[in-house]
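The following is a colleague's note for someone opening this entry for the first time. Please read the numbered points with the sequence and the structure side by side.

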Amino acid sequence: VLDLAACAGEVVAGALARRAGRGATDVRAVTRADLDITDAEATAAAIDRWLGDGSSGEPVVLNCAAYTAVDDAETNEPDALAINGEGVANLARATAGRARLIHVSTDYVFAGDGTEPYPPDAPTAPKSAYGRTKLAGEHAIGELAPHDGYVVRTAWVYGAHGPNFVRTMLRLAGSHDTLTVVDDQVGSPTWTRHLGLGLIELALSDAPAGIYHCTGGGQCSWFDLARAAFEEDGLDPERVGPTTSDAFPRPAPRPADSVLSSRQ
């Protein structure tokens, strides 16, 4: 799972800067060192300080902070909840009625055992601690910032920076003659730049508050994605072979089919 904070650092600031002429006149990139969202008082104070008197137009707070260690969350769920649930609640309280809050969520809030792409209003049923804590964040926004809160679910995010599946496959290609990758998990790979631009478009739009999905088009398995990464990098895709999830047991269950639909 990609560290979405790293993803944000790669694409969001650049996308905002390029689109400053379309209304983003004061862009502030905030790291964990600047603000720990699990600290309610610090979060409220920071929002007060950054929003000021509100004279610069309609402010938008984009939250990409997350506990994304999916397997570790199985034994550290309180730590994951502190960031993915309670931290989001702190932001929602601080911004409600004052700024639009856009929060990045995940396909893991679904069971992943469906046969059709999940629309935004599909019933949620997370099977992992990570999914449960991310869903807690979604609920916090719905309860605390129903008129200003936006949840954007994404999935299978990859890019040039930060830990992600494509970078891992290409790194392993340098040390392994062949790789085996699961072909029984299906999703929609999402390029960080596309995700970043989608978030910015939402921030600058008149879309109503609510839940949205933003992923790449189409669908494939991890096996398919690994082969495509090899081919794009000039490597022989035949070096990648298929296997099943049973061959790679993990502490946290992975959704077998978590393709997201953007249909409202």
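1. Trp156 counts as buried, because its relative accessibility is 11%, where buried means under 20% relative accessible area, exposed over 50% and partly exposed in between, with a 1.4 Å probe and protein chains only. Trp156 is placed in the loop between strand S3 (149–154) and strand S4 (157–158), and its phi is near 50°, a positive value in a residue other than glycine. Most residues other than glycine have a negative phi. Helices (H or I, at least four residues) and strands (E, at least two) are DSSP runs, numbered from the N terminus.

2. A word on the basis of this note: the model is predicted, so that local features need pLDDT of at least 70 and side-chain atom pairs count only at pLDDT 80 or more, while totals for chains, interfaces and linings use all residues. Residues are numbered from 1 along each chain as its sequence is written, and side-chain values use heavy atoms, with hydrogens and water left out.

3. The structure holds eight salt bridges, a salt bridge being a side-chain nitrogen of Lys or Arg within 4 Å of a carboxyl oxygen of Asp or Glu. One of them joins Asp48 to Arg98, with the closest N and O atoms 2.6 Å apart. Asp48 belongs to helix H2 (residues 40–51) and Arg98 to the loop between helix H4 (77–95) and strand S2 (100–106), so this pair ties together parts that are 50 residues apart in sequence. Asp48 is partly exposed, with a relative accessible area of 42%, and Arg98 is partly exposed as well, at 35%.

4. Another salt bridge connects Arg254 with Asp71, and here the closest N and O atoms are 2.6 Å apart. Arg254 lies in the segment after strand S10 (240–243) and Asp71 in helix H3 (residues 70–73), so the pair ties together parts that are 183 residues apart in sequence. Asp71 is buried, with a relative accessible area of 15%, whereas Arg254 counts as partly exposed at 24% relative accessibility. Asp71 and Arg254 are also linked with Arg250 in a network of salt bridges.

5. Arg227 and Glu238 form a further salt bridge, with the closest N and O atoms 2.9 Å apart. This pair links distant parts of the chain, Arg227 being in helix H8 and Glu238 in the loop between H8 and S10, 11 residues apart. Arg227 is partly exposed, with a relative accessible area of 21%, while Glu238 is exposed, with a value of 57%.

6. On the surface, Asp183, Asp184, Asp224 and Asp246 gather in a patch of negative charge; patches are made of residues with over 30% relative accessible area and no salt bridge, like charges being joined within 9 Å and nonpolar side chains (Val, Leu, Ile, Met, Phe, Trp, Tyr) within 5 Å. Asp224 lies in helix H8 (residues 222–232) and counts as partly exposed, at 37% relative accessibility.

7. How many disulfides are there? The count comes to zero, a disulfide being a pair of cysteine sulfur atoms within 2.5 Å. Cys64 is buried, with a relative accessible area of 12%, and Cys220 is buried too, at 16%.

8. Ala209 lies in the loop between helix H7 (192–203) and strand S8 (210–213) and is partly exposed, at 26% relative accessibility. Ala209 and Leu101 are 108 residues apart in sequence and 9.1 Å apart in space, C-alpha to C-alpha.

Notes
Areas by Shrake-Rupley, 256 points an atom, 1.4 Å probe, with all protein chains shown as cover. Lys, Arg positive; Asp, Glu negative; His and termini not counted. Charge placed at Lys NZ, Arg CZ, Asp CG, Glu CD.
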